Amino acid sequence: MKKLEEILEWGGVKRDVIFLVLSGVSLLLSILGYSPFPFDMAWIAIILCGLPIVLEAFIGLVTAFDIKADVLVSIALIASVIIGEDFAAGEVAFIMQLGALLEDLTVAKARAGIEKLVHLTPRTARRISAAGEEIIPAEDVQIGDLLHVLPGETIPVDGTVTVGETSVDQAVMTGESLPVDKGPGDEVASGTVNQFGAFEMKASRVGEDSSIQRMIRLVKSADAGKAKIVGTADRWATWIVVIALSAAALTWIISGEIIRAVTILVVFCPCALVLATPTAIMAAIGNATKHGFLVREGDALERMAAVKKITFDKTGTLTYGTPQVTAVVSFLSGLSWSELYACAAGAELNSEHPLGKSIVRSYKEEMKTVPPYPEEFRMLPGKGVEAVIDDKEILAGNPELLSDRHIPLTEEMKKRTDLFLEKGCTVIYIAVNGRCAGFIALSDTLRQDAADTIDAVKAAGVTPVLLTGDHENAARHIARLLHISEVHACCLPEDKLNQIDSYEKKNQPVCMIGDGINDAPALKKARVGIAMGKIGSDIAIDAADIALVNDDIKELPHLLRLSRKMMTTIRLNLTFSMALNFAAIILAITGILNPVVGALVHNAGSVVVIINSALLLGWKNRKK
């Protein structure tokens, strides 16, 4: 049995294309009555296109009693051959093979998302022991071991910082691009990246219990739990086979003419039924491609049509994912905001911290000049920077930095900064010559088309949900701006996955849109996953069903309505093909149709289905 399956799998799509070309030529020659061989040229189509169908139907019946559309096709092929209607058999085989090819072209290939996640897993760790420091395989780390992590290294296991201060890039876990300051007592996760200072940590979760390994398991389990849509023709196959065989048998018994029975089997072949779905899907995929969507799963648009909620990640999806300076506030009457801005940008000029780089970039863009170059500069990991500019000692960092230098923050200063913190901004305090001179507020900026997109999603009858790893204030602020009522903040990968799972259990199919590695499990779990293709991580894209190539989210409402239009087209195709089949059966029972004419009739039905599906290529969303 395995050898038969290997024969059927040989060549895949390339094999189908070659067989279809040869079969099409042979059928044309059969119509013209030309044959250089002592048999009808239609036999080439029967062998190349029909034999794989018969073998696959046989394997399905024998191994799992699986009755699909190809069972009826096989019966019709064999019956046509027995009574000498070779052309009818060849044509039926050709149409069915064409339908199979279209379905193959809409099915995504195996992807490497999980493998890429595995590559994120650290291979080694620096363990501190009585004998000194040694490099060991990461899987050999035990709970309680003391580890040394250098700048730029990936943290090997979960644990707690014991000595040192640093900033850690946690994008792999939370999706947020800004690093998080860490010091003694703070927890760190495996797979995250140490950015600046070296530190020591105590291992608390190792091996399969570590954060990165849990994420890998989440992606695998989410993919296994996503149900695949079964083709309509295969879903109805059992009833089609029973009806066709019953009608053929009764006609043969009553009329005594076997040719009528065979004609019924031929016209009842679900060719148009098989083509109804894949042709519409391919046309819709072509339409989606023109609007910037790369559909990676053949049935993704079918699932998209049933979506009731769309969950958005915040950073990189609804926002650009790059912090911008939104306010510069001076506390000193003799220091203007522009002078304070210059001091801060100069102090951060040599900084490697993303926030520092954002301040410098924003200063250059807004002030159209280069900030003053510092005479002295020093990084203070986990706190900020220290610099000397024009004989002024400049500090730029968090409240802990000011506290260490005994620089007080008055209640009035705290009230002014709280206004920005409530909006989800990140605040960098600036001190000049030992006095708190003011602060700079940075925040992620909304995409220009985010608000219109959310409004259009609501107009389409779908509920938008904000599902983000960012903290509560930032999430609530963005949600207010976009009029999103349902918000879930501070979400780790498993939190996002569990939230989506709860929606699915309530019969609220979810479309998840994200861009980060941390979104991969949720993208897999959701009924449909859409990844931001331009800025999104490779792992997120591999986990998704659809990639938004240009990150232009304003096209999302078009995709929603396109998926529904596609399903309407599929239903029309199915209704027409079934009506045509039953009409042809009546004509076959009365003897008006013979097998050859019957094959031509349902061939014409297949053409009508293809033309109707092709109209989706140029369909446009007229609703605003």
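# Notebook: looking around a predicted model

**Entry 1: starting at S613.** I picked one serine to begin with, and S613 turned out to sit in helix α25, which covers residues 595-614. Since I am working with a predicted model, I kept an eye on confidence too. Is S613 buried or exposed? Its relative accessibility is 0%, so it counts as buried. Next I looked up what it touches. Leaving out residues up to four places away in sequence, S613 is in contact with A276, T279, A280, A283, T569 and N573. I also checked P278: the C-alpha atoms of S613 and P278 are 9.0 Å apart, although 335 residues separate the two in sequence.

**Entry 2: how confident is the prediction?** The protein has a mean pLDDT of 80, and 83% of its residues reach 70 or more. Which elements have the lowest and the highest mean pLDDT? Helix α1 (residues 2-9) has the lowest at 42, while helix α15 (residues 337-347) has the highest at 95. I will read both places with care.

**Entry 3: a closer look at α15.** I went back to the helix with the highest mean pLDDT. Eight of the eleven residues of α15 are buried, so the helix is largely enclosed by the rest of the structure. The buried ones are L340, Y341, A342, C343, A344, A345, G346 and A347.

**Entry 4: salt bridges.** How many salt bridges does the structure hold? I have 20 in my notes. I looked at three of them one by one.

- R303 pairs with D545, and their closest N and O atoms are 3.3 Å apart. R303 is in helix α13 (residues 300-304) and D545 is in the loop between α23 (538-543) and β22 (546-548), so this pair ties together parts that are 242 residues apart in sequence. R303 is buried at 2% relative accessibility, and D545 is buried with a relative accessible area of 2%.
- E386 and R378 meet through their side chains at 2.8 Å, N to O. E386 counts as buried at 15% relative accessibility, whereas R378 is partly exposed at 45%.
- D501 and K525 form a salt bridge at 3.6 Å, N to O. D501 belongs to helix α21 (residues 493-505) and K525 to helix α22 (residues 520-525), and the pair, 24 residues apart, links distant parts of the chain. Both D501 and K525 are buried.

I also found a network: salt bridges with shared partners join R378, E386, E393 and R405.

**Entry 5: cysteines.** A reminder to myself: a disulfide is a covalent bond between the sulfur atoms of two cysteines. How many disulfides are in the whole structure? My search found zero. I looked up two cysteines anyway. C49 is buried at 0% relative accessibility, and C436 is buried with a relative accessible area of 5%.

**Entry 6: helices packing on α24.** Two packed helices are described by the angle between their axes and the distance between the axes.

Helix α11 (residues 258-267) packs with helix α24 (residues 556-589) at an angle of about 170 degrees, with the axes 9 Å apart. Angles over 145 degrees count as roughly antiparallel, so α11 and α24 are roughly antiparallel to each other. On the α11 side the contact is made by R260, T263, I264 and V267, and on the α24 side by N581, A584, I585, A588 and I589.

Helix α19 (residues 450-459) also meets α24: their axes come within 8 Å and cross at roughly 20 degrees. That makes α19 roughly parallel to α24. Here T453, A456, V457 and A459 of α19 contact L556, P557, L560 and R561 of α24.

**Entry 7: positive phi values.** H406 has a phi near 60 degrees. H406 lies in the loop between α17 (399-404) and α18 (411-421), and it is exposed, with a relative accessible area of 72%. N433 has a phi near 50 degrees. Its place is the loop between β16 (426-432) and β17 (435-446). Is N433 buried, exposed or partly exposed? N433 is partly exposed, at 48%.

Conventions. Residues numbered from 1 in each chain as written. Heavy atoms only, no water. pLDDT = per-residue confidence, 0-100. Helix = DSSP H or I, 4+ residues; strand = E, 2+ residues; numbered from the N terminus. Buried < 20%, exposed > 50% of the residue type's maximum accessible area, 1.4 Å probe, protein only. Contact = heavy atoms within 4.5 Å. Salt bridge = Lys/Arg side-chain N within 4 Å of Asp/Glu carboxyl O. Disulfide = S-S within 2.5 Å. Axes fitted to C-alpha atoms, helices over the stretch in contact; angles between N-to-C directions. Parallel < 35°, antiparallel > 145°, perpendicular 65-115°, else oblique.
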